[in-house]
Amino acid sequence: MFTRPFRYERAERLAEASDLLRQHGEDAKVIAGGQSLMPLINLGLAAPQVVIDISRAEQSGGSRAIGSDDGYLTVGALVTHARLAADPVAGQAQPLLGAAAARIGNSRVRNRGTLGGSLAHSDPAAELPLAMVTVGAEYEVSNGNRARSVRAEEFHLGFLTTPLEADELIVSARVPSLGPGWGWAFEEFSRRDGDFALAAAAALIRSSAGVIVEARVAVGGVSDRPVRLADVEIALSGATMREAADRVGAVRGISPVSDTGASAAYRAHLARVLVRRAVTEAGRRSETADV
Amino acid sequence: MSSPGRADGDARDLAVRLTVNGRPVSGVAGAHLTLLRWLRDVAGVTDPKYGCGEGICGACTVLVDGEAVSSCLVLAAQVDGTEVVTAAGLCEPGGSLGALQRAFHEFHAAQCGFCTPGMLMAAAAMLADGRRRSRAQIRSELHGNLCRCTGYGPIVDAVEAALRAVRSDPDQPGPPAGAEAAAQ
C-alpha cells in the first residue's frame, strides 16, 4: 500500500499519452482502469516513475465507442468490461465478447477495467485475449502519428508480452460479426468465482443441416498465450452435433504450468473438458441461429 | 503538505477535490496516493479498509459516481471531481444508522467488522438500481467481497431484507410500481 511516489500525468488525448511515453521512456506506465497495474504497484512488483492516465482521455478514433457496421463490430479500447458485457450492439454482433467480459474478476474490476488494458496487459489467463483470438480480431494500434493494425494471434506473443512499441497504444479492436448459422460458447473453470481461470475455452461453430461446416476453437490459461486449436478445428469439420465432443482429442500445442492453483496435468485435463463443453454448446447454438 | 524523505516531493504532489459523503473535500497530496489512502490519510474517512491491494477482498469498496470500485486500485487523481460514497455515507442525516446498516445490525451480518464497510457498499450498489434479485443473485454479486467470520449467511440475509424493504417503501428510490408489475 505504501508505494513509491511517482509523477502523475493526465493525457487529454491518446496521442498526448504517446508523446508522454516518448518523453519518459521505460520509466512510464499507462493507466486506464488500473485493474492490472495497480495490484502490481501495490504489491511492489512495478515501480514506475511516471504514471500516464488515459482514463479521462477524450474520444479519438473510436476509443470510447462500440459500433457495428458492414459485418464488423468495433470496440474502443477505453470501453469497460461492464459496458461491453451489457452492450446490446456488441451482444447482437458478436456475443462471445460480452460473455467473456462478464466472466472477468468481480463487478468492481468490470466497472473500471478496460478492453485496451486487458489486451495490452496480455495475461495468458485473461478472458478477452482468448475471445479476441477465437473470433479473429484485429487491434488498431497507434502512436499518435502512425496507426497500424495487428491481428490478435500476432499480438499475444507470450506472458505479458506484445509487439506494442514503447509509444503505442491500442485504440480499438475490430471483430468480424457472428454470421448466419454460427453459434458461440465461452467456458472457464476457476476455483472460486472471480479468480483467474485455471483454464478456459472458446468456440465458434457454423453448422448446416446438423453438420459442422466450420469451427474456430481456442484455449486460455494453459499456455503463455491464448492458443488456437487447429487440430480440433479440422477434426470438427463434417461432424454431427452428437459427434462433436468426441471429435475433440488430446489438446495439442499447449504448455500448462504447475503452480499453487493447479498441476499442469489437471490444467491440461480441464482444457480438454472445457473444449468439449464449448464445442457442444456452440454447436447447439449454431443449430438455433438464424440461417 | 510535508513530504518527509522526498527530495522533489512538490513536483509529485497534486491537488484533488472530491465530494465525500456529501461533503466537499480537497487536499494536496502525493499523486501516487490511491483513492483509499487519500480518503483515509487526507480526508480522514477511515471506514474503507485496506485488505489485499489486489481488488480481490472488497474491504475498500466505495461508490464513485454511483459505481462500486476498489478504492485501492484507483488513484485519487483519476477520480478528481467525482462524488464518493463510503459506508459512513449510508447514515441518516442525523447520524443514526441508515436502512442498510440497520439490516446488517438486525441480522448480525458483522462479526469482526473488517469487511463490513465494503460489504455495505457492495450492497448499496445493488440497492441503488432497485432491481429485484434472487438470493443466488445476491450471493453472486457479493462474491468479490470476502468475509472470514460470518460464513456469509447473515450478510445475504441482511441484503435480502434491505432490498425487500427498499422495494416496499414508497419513500425510497426505486423503480415505479408499474415496473414491478411488468417484471412479474
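In this predicted model, helix α2 (residues 99-106) of chain B packs against helix α5 (residues 153-168) of chain B at an angle of about 140 degrees, and the two axes lie 8 Å apart. At that angle α2(B) counts as oblique to α5(B), because the roughly antiparallel class is kept for angles over 145 degrees. The crossing of the two helices, α2(B) and α5(B), is right-handed.

On the α2(B) side, the contact is made by Ala99(B), Leu100(B), Ala103(B) and Phe104(B). Helix α5(B) answers with Ala158(B), Ala161(B), Ala162(B), Ala165(B) and Val166(B). By class, the residues of this contact between α2(B) and α5(B) comprise 9 nonpolar, no polar and no charged.

We can turn next to where the chains meet. Chain B brings 27 residues to its contact with chain A, and chain A brings 23 residues. On the chain B side, the elements that give two or more residues are β4 (67-70) and α4 (135-141) of chain B. Of the elements there, β4(B) gives the most, with 4 residues. The side of chain B that touches chain A is made up of 11 nonpolar, 10 polar and 6 charged residues, whereas the contact of α2(B) with α5(B) has no polar and no charged residues.

Chain A, for its part, is assigned three stretches: domain 1 (7-53), domain 2 (66-176) and domain 3 (182-288). Between domain 1 of chain A and domain 3 of chain A, the C-alpha centres are 35 Å apart.

How values were computed
Residues are numbered from 1 along each chain as its sequence is written. Chains are lettered from A and ligands numbered from 1 in the order in which they are written. This is a predicted model: local features need pLDDT of at least 70, side-chain atom pairs count only at pLDDT 80 or more; totals for chains, interfaces and linings use all residues. Two residues are in contact if their C-beta atoms, placed from the backbone, lie within 7 Å. Ala, Val, Leu, Ile, Met, Phe, Trp, Tyr, Cys and Pro count as nonpolar, Asp, Glu, Lys and Arg as charged, and the others, Gly among them, as polar. Domain bounds come from an automatic or database domain assignment. Axes are lines fitted to C-alpha atoms, for helices over the stretch in contact, and angles run from 0 to 180 degrees between N-to-C directions. Angles under 35 degrees count as roughly parallel, over 145 as roughly antiparallel, 65 to 115 as roughly perpendicular and the rest as oblique. A crossing is left-handed if the near helix is turned anticlockwise from the far one by less than a right angle, and right-handed if clockwise.
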